[in-house]
Every structure is written in structure tokens, then in C-alpha cells.
Amino acid sequence: MAEKTAIKTEIETPVGTLVVETGGTIEEYPRVHVYLVPKGETDRHLVSCVEYDTGSEELRTECYAESFDEPVSIIRYNDGKDLMG
């Protein structure tokens, strides 16, 4: 199945703009990314990714912290377990 057209929306907050984008395909890691564009900046920073892991067949949320390129926690949806710790 071809990748669908990405959906993008923006939500203003007191600290900046949250940008939400879809990605992937039904067969390959369908997901939603949430980015923050802080006030006065143009670069976006990854806050979280909710995806269906097609390898492990589970829904999970990856959470990021400022200045981290890798997730600081990965929460599995079905049991709430943090796979990072």
C-alpha cells in the first residue's frame, strides 16, 4: 500500500507551536510525530512519537527530552510498561 498523504496540524501553546504530523503506512510503522517549535525559533524539536511497531506488533509511545536524539522512555500501550527502564 502506498504511503498516504501526510496530515499536519499546528497547535499554539504559551511556549511555542506544537506540530503534529502523520507518517508511515499501514504495513510499515504507522505513526504520529509531535514536535515543538519554541517561541522565537524556527527549528522544531521532537517531543513524542506514537507508532504501531510492525516488528513487535504493539502500539507504543516514544518520549523525548530537550537536547536528546534518542527517546528517554518508550511506553508500551497494552500494559504501560516503560521499555527503557
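Why is the sulfur of Cys49 too far from the closest cysteine sulfur for a bond? The report takes up this point and then turns to the strands.

## Cysteines

The model is predicted. The cysteine sulfur closest to that of Cys49 belongs to Cys63, and the separation is 10 Å, which is too far for a bond. A disulfide requires two cysteine sulfur atoms within 2.5 Å, and by this rule the structure has zero disulfides. Cys63 is likewise in no disulfide, its nearest cysteine sulfur being that of Cys49. In general terms, a disulfide is a covalent bond that links the sulfur atoms of two cysteines.

Cys49 has a relative accessible area of 2% and is buried. Cys63 has a relative accessible area of 25% and is partly exposed.

## Strands S2 and S3

Strand S2 covers residues 16-23 and strand S3 covers residues 31-38. The two run antiparallel and are joined by eight bridges. One of the residues in these bridges is Gly16, whose partner in S3 is Pro38.

## Strands S3 and S4

S3 also pairs with strand S4, which spans residues 45-53. These strands run antiparallel too, with six bridges between them. Val32 lies opposite Val50 of S4.

Six residues separate S3 from S4, and the two strands form a hairpin. Gly40, in the turn, has a positive phi of about 80 degrees.

Methods:
Residues numbered from 1 in each chain as written. Predicted model: local features only at pLDDT ≥ 70, side-chain atom pairs only at ≥ 80, totals over all residues. Heavy atoms only, no water. Buried < 20%, exposed > 50% of the residue type's maximum accessible area, 1.4 Å probe, protein only. Pairing = 2+ DSSP bridges. Helix = DSSP H or I, 4+ residues; strand = E, 2+ residues; numbered from the N terminus.
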